[in-house]
Amino acid sequence: MEQEGKKRIWSEYQKEIADDHYFYVRSCIRQTFFPGSETTFLKILRDDLSRDVFEDARHTTCTGIGYHTDIVPFETIMTIAARHFALMTEAGYVNFVPSCVTSFGIYTEILDTWKHFPEMEAKARDYLWTATRREFKIPDNLSHTSDIIYRFRNELAELSGHRLVNKNDGKPLKVVEHIGCHYAKMFPKCGVGGAEFPAVLSGMVEAWGGEVIDYPERRHCCGFGFRQYLIKANRGYSLSNSKKKFESMQPYQPDFIVANCPGCAMFLDRWQYTIAEMEGITYDKSGKGIPVLTYEELAGLIMGYDPWVMGMQMHQISVEPLLDKIGIVYNKKDKYLGSKGQYIGVPQPPHFLLQ
Amino acid sequence: MGRLYERLCEDLRCLEGLKSCMNCGVCTAICPSAEFYRYDPRKICDTVQRADDESIEQLLKSDTIWYCGECMSCKTRCPRGNTPGLLIMALRKLSQEMGYFTDSEKGRQQFAIRRVIGDSILTTGYCMRPILVNPANHPEQGPVWEWVYNNLPEVMDKVGANYLKDGPGALRRIAPEVLSEINQIFQVTGGQDFFQLIEEFSKDKADEMCLDAGELGGDNAYFSEVYTKNSGNHH
Amino acid sequence: MNKTIVIVGGGPAGLEAAAALGSSPHHVLILEKEHNTGGKLKNWHHLFPNFADASEILKSLEKSLPLNNSEIKYDCDVFKMEQMDGNLLVSLKSGEKIKADAVLLATGFDLFDAYKKEEYGHGIYKNVITSSELEGMFVNNSFPDQLKDGLPKKIAMVHCVGSRDKKAGNMHCSKLCCITGVKQAIELRKYLSKSSVYNFYMDLRMYGQHFEELYQEAQEDYGVNFIRGRVSEIAEISDGKLQVKAEDTLSGRPMKMIFDLVVLLIGMTPATSAASIAQSLALPKSGSGFLAPVHQHISANETCIPGLFLAGTCREPLSLQESITDARAAALKIIEWLKLKDNH
Ligand SMILES: Cc1cc2nc3c(=O)[nH]c(=O)nc-3n(C[C@H](O)[C@H](O)[C@H](O)COP(=O)(O)OP(=O)(O)OC[C@H]3O[C@@H](n4cnc5c(N)ncnc54)[C@H](O)[C@@H]3O)c2cc1C
Ligand code: SF4
Ligand code: SF4
Ligand code: SF4
C-alpha cells in the first residue's frame with residue numbers, strides 16, 4: 001500500500017468544515033442505540049473545545065428512514081428538511097450539523113436537487129410556508145458530526161491522555177474504519193477524502209496513534225438496506241452483507257471497528273453476536289468478538305471519559321478487552337448500574353460469545 | 001412511449017437516476033443486493049430505458065424492485081452518471097401509486113413499514129425509537145439490548161439522554177405543537193395521501209387473502225403475514 | 001518562393017509529415033519539447049497488430065527525414081501562437097519566437113492518468129499497473145520478481161480505463177486500448193507461460209486490419225479469457241494480490257476474482273501540452289477536448305485558423321498507421337495552402 005497515492009487522492013477532497021457555531025440535529029438511530037455518543041459529542045465540543053453548539057428541542061426526525069423505505073415522498077422529506085433549515089435560520093445559525101449519516105445524505109441530496117431543479121426549492125418554500133408559516137435560508141455549511149471531530153482531531157490528540165497504542169507491546173492498534181454509504185458514496189465531494197479512500201475516520205485514527213487496516217471489502221455496505229433490516233423476513237440480506245465484511249477483515253486481526261454511521265455501528269456489533277450464536281463463529285482470536293465503536297466513543301475514550309457514561313455497556317460485544325489494551329482505567333462493577341448507582345439487573349450472558 | 005414510462009419520467013429520481021445505460025455491469029458488480037438476491041440493477045436500467053410499458057408493468061408488480069437496499073453504492077461508480085438506486089425509488093413510488101406493490105411478497109411489506117415507521121413519524125416525531133425494537137421481534141439484538149429495553153428510563157438517564165421528557169436532548173418527548181407541524185407538512189406535500197394509498201391497497205389485498213389488517217398497528221394477521229413471510233424464492 | 005513550415009511535435013505524425021514535405025522546396029522545422037523524437041512510439045515494445053518491433057519502426061521514420069530541407073530543434077516547448085500579417089508567430093517557453101508561413105500541430109495525446117479512477121487504486125496498490133507501464137517492463141525487461149518465480153499467475157486486463165466514462169471526464173472511446181489489451185494479453189501468455197489472462201471488456205472494438213483475427217488468435221492459440229463486464233472495483237488483499245469485482249453481464253451475475261497483476265488499459269486524452277496553444281488562438285475543441293478541424297469529413301486536417309493544420313492524435317485517437325497516413329494527408333494540404341498563398 002502506497003501512502004503517497006492515497007494522499008494525492010485526499011488532496012482532491014478538501015471539504016470545508018465550519019469552525020464554530022453549530023446547529024445540531026440528532027439521529028433517530030443514534031439516539032436509540034448510542035444516545036451516550038450524542039451526549040459525548042456535545043461535551044467534547046462544548047467543554048473540551050469551547051465551541052458553541054445549539055440544539056432546538058423542536059427538531060424532529062428527518063424522515064430519512066421513511067424516505068428510504070419508500071413510504072415518504074420526496075416532496076415531503078424536502079419540506080421536513082426545509083423546516084429544520086428554518087429552525088436553524090430562526091436561531092441565527094448557518095452551520096448545519098446532523099448526527100446521522102442517513103440524514104447527512106438526505107440533506108446533501110436535497111441541496112443538490114435544489115441546485116439542479118430550482119423549481120423544487122421554490123416548491124419546498126411554498127409547502128413549508130403553507131404548512132407552518134416558516135421561512136428558511138440554505139445553510140452556509142453542511143457537515144456531518146464526524147467531519148467536526150475530524151476537524152479537531154489534532155487538537156483532541158493534544159488534549160488527550162490516551163493513544164491508540166497497545167500498552168502491552170507499544171504497537172499501534174489495528175483499526176477497521178467503516179464509513180456509512182450515504183456519507184460520501186452519493187456525493188464524493190461532500191466527504192472528507194472522497195468516496196473511495198475516505199479520510200474522515202482514518203484521519204482520526206492516525207492522529208490518535210492507531211493504524212488503519214485496508215481490507216478488500218472495506219467499501220462494502222454494512223447491509224442495513226432499510227427495508228432489508230426493518231422487515232423480519234428480509235434480515236438475511238443484512239446479516240450476509242455484514243458477514244462478508246467480517247470474513248474479509250478477519251485475517252488482519254483488527255483490535256476494533258469504528259463507524260461514522262450509527263446504523264452501521266449497531267449492525268456490525270449485533271451481527272457478530274448473531275453469527276456467534278447461530279454458527280459458533282467469532283472473528284477475533286479471543287472468542288469475544290471485535291469491539292465496535294462510534295467515533296464519538298473513540299474520541300471520548302482518548303479524552304478519558306467514563307465508558308459507562310458514554311453508553312458503551314449498551315454494546316453487545318464487550319469493549320473491556322479494548323479498554324485494557326489502551327490502558328484505560330474503568331470500574332468493572334459500575335458497568336450495568338443505573339445513574340444513581342442503583343442495581344438494575346444485568347444482561348444475560350450470550351451462549352457462545354465470551355464476555 | 002407508454003403511460004407508465006411517462007409517469008416514471010415525471011419523477012426527478014428517474015431523470016437523475018437513469019440518463020442512459022450502456023449495460024456495463026459496474027453497478028451490479030458492487031451491489032450488496034445483487035450478491036444476495038437474484039437481482040441485477042443493470043437489467044432494471046435496461047428494462048426501463050426500453051420504455052416498453054408491458055415490461056415496466058411486470059417490473060412494478062415483481063419482487064425484483066424491492067430487493068435494493070438503497071445504499072447508493074451504485075451512484076459512486078456508474079460511468080454514465082446513473083444511480084440505479086434512485087431509479088428504484090421512482091419505480092417503488094409508482095408501484096405503490098398504481099397499487100401493483102401488493103402483487104408481490106416483498107412489495108406487500110410496505111404495509112408493515114407504513115404502519116410502524118409511518119405511524120411513528122406522525123405520532124412521535126421519530127422514525128425509530130427504542131420501544132420499536134422489541135426483543136421479541138428482534139432476537140438478533142441480543143441480551144444486552146434486552147436489558148436496555150427492560151430498563152430504558154434508567155439506562156437512558158445514565159448516558160445523558162432526556163428520555164421522554166420535555167426540552168432538548170436525546171429521545172426527548174416531541175411537543176404536540178411540533179407534531180402538528182409535521183402532520184401539516186405531510187398533509188400539504190401529499191405524504192398523508194400516500195400513506196392512505198398504501199393502507200387502501202393493502203386492505204384490499206388483505207381482504208383478497210382473507211386476512212384481517214386491523215385499523216392501526218401491527219397486531220393483526222395481515223401484518224404478521226407480510227412482516228414474516230419469506231417464500232425463499234428470491235435467490 | 002521558399003517558405004517556413006513549423007511542425008510542433010516530433011512524434012510519429014510530426015516525423016512523417018516532415019518526410020512527406022521533403023520533396024517540397026520549403027524549409028521544415030520540427031520543434032520537439034523533449035530531448036528526442038518518436039513521441040509515445042519510443043515507449044512501446046512490439047506493436048499491434050503484427051508485433052512489429054517499435055524501435056525498428058521509429059528508426060525507419062527517423063531515417064526518412066529529408067536532410068536537405070528539414071531541421072529538428074529539441075527541448076523546444078511551444079506554448080503560444082499568434083496570427084500576424086497572414087503568418088503565424090510561434091512562441092517557445094524559452095521566450096524565443098519563430099515566424100512561420102504554415103504550422104502543423106502534431107502534439108499527440110496524453111495517457112490517461114490512472115489515479116483518477118480512484119476505485120482501481122493505481123499508485124496505491126503496487127500490482128496495479130497501466131498498459132503503458134507494462135510496455136516499459138517489456139522494453140526494459142523489468143518485470144517485478146514476484147511475477148518471475150515460475151509459478152502460475154493470474155492477470156486481469158481492464159478495458160476502458162479513463163475512456164467512455166463521464167466520471168473520468170472522457171466520454172470518447174480511445175479506440176486502441178482494446179487491441180492493445182488483446183496484444184498485451186498474448187504477450188503476457190507468451191512471456192509467463194503458466195499465466196492465465198482475463199480481459200474485462202464492454203465491447204471489443206476490433207475495427208482495424210487483422211484486429212479481429214488477433215482477438216481470435218488470443219482465444220484459440222493463447223487461451224485468453226474474455227469476460228463481458230466492466231471492472232467496478234479493485235482492492236488489495238493481504239499478500240499483495242488483488243480482488244477484482246465485475247459483473248459477468250452475459251450470465252448476469254456479480255463476480256469477484258483474485259489476481260496477481262492487474263493491467264489498466266488506459267485511454268488517450270487530449271494533450272495538455274497543446275492546451276495553451278489552442279487557447280492562444282481560440283482554436284475550437286471537439287466534445288472530448290481534442291483539437292477540432294474545420295470539417296470532420298472533408299477537411300480533417302485543416303483548422304479555422306489560416307495556415308494552421310492538424311495531424312495525428314492531437315485531433316482524435318489514432319493508431320500508428322492512421323497517424324502516419326494522417327500526417328501525409330496534412331502535408332499535402334499544407335503544400336496546397338502555400339501554393340495558394342503564393343498566388344495571392
Ligand atoms: C498503450 C498504447 C499502446 C499503443 N500501441 C500501439 C501499437 O502497438 N500500434 C499502433 O499502431 N499504435 C499504438 N499506439 C498508438 C500510437 O502510440 C499513436 O498512434 C502514436 O504515438 C501517435 O503519434 P503522434 O505523433 O500523433 O503523437 P505522440 O506520439 O504523442 O507524439 C507527440 C509529440 O509531440 C511532442 N509535443 C507535444 N506537445 C508539444 C509542444 N507543445 N511543443 C513541442 N513538442 C510537443 C511530444 O513531446 C511528442 O514527441 C498505442 C497507444 C497507446 C496509448
Ligand atoms: S442502491 Fe440498490 S441497486 Fe444501488 S448498489 Fe445499493 S442495493 Fe444495489
Ligand atoms: S453502471 Fe451505469 S451504465 Fe453501467 S450498467 Fe449500471 S447503470 Fe448501466
Ligand atoms: S478501445 Fe476498447 S478499451 Fe478502449 S475505450 Fe474503446 S472500448 Fe474501451
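The model is predicted, so local features need pLDDT of at least 70 and side-chain atom pairs count only at pLDDT 80 or more, whereas totals for chains, interfaces and linings use all residues. Residues are numbered from 1 along each chain as its sequence is written, chains are lettered from A and ligands numbered from 1 in the order in which they are written, and side-chain values use heavy atoms, with hydrogens and water left out.

Asp165(C) takes part in a salt bridge with Lys117(C), in which the closest N and O atoms are 2.8 Å apart; a salt bridge is a side-chain nitrogen of Lys or Arg within 4 Å of a carboxyl oxygen of Asp or Glu. This pair links distant parts of the chain, 48 residues apart: Lys117(C) is in the loop between strand S10 (109-111) and strand S11 (128-130) of chain C, and Asp165(C) in the loop between S12 and H4 of chain C. Helices (H or I, at least four residues) and strands (E, at least two) are DSSP runs, numbered from the N terminus. Lys117(C) is also buried, with a relative accessible area of 5%.

Over all chains, the structure holds 67 salt bridges. One of them joins the side chains of Glu16(C) and Arg328(C) at 2.6 Å, N to O. Glu16(C) lies in helix H1 (residues 12-20) of chain C and Arg328(C) in helix H7 (residues 320-343) of chain C, so this pair ties together parts that are 312 residues apart in sequence. Glu16(C) is buried at 7% relative accessible area, and Arg328(C) is partly exposed at 46%. In another salt bridge, Asp149(C) pairs with Lys153(C), their closest N and O atoms being 3.2 Å apart. Here Asp149(C) is partly exposed, with a relative accessible area of 42%, while Lys153(C) is buried at 8%. Salt bridges that share partners also join residues of chains A, B and C into one network, namely Glu196(A), Glu217(A), Arg219(A), Arg77(B), Glu233(C), Lys245(C) and Lys256(C).

Across the interface of chain B and chain C, the rule finds two salt bridges. The contact (heavy atoms within 4.5 Å) takes 24 residues from chain B and 21 residues from chain C. About 1700 Å² is buried between these chains, 46% of it given by carbon and sulfur atoms; buried area is the accessible area (1.4 Å probe) that two parts lose on being put together, summed over both. In chain B, Ala29(B), Arg77(B) and Pro79(B) lose the most area to chain C, together 29% of what that side buries.

Around ligand 2 there are 13 residues, the closest being Cys31(B), Cys68(B), Cys71(B), Met72(B) and Cys74(B); a residue is near a molecule if one of its heavy atoms lies within 4 Å of it. The surrounding residues come from chains A and B, so the site is shared between chains.

The residues around ligand 4 include His159(C), Cys160(C), Cys177(C) and Cys178(C). Strand S12 (154-161) and helix H4 (177-191) of chain C each supply at least two residues of this shell.

Key
Buried < 20%, exposed > 50% of the residue type's maximum accessible area, 1.4 Å probe, protein only.
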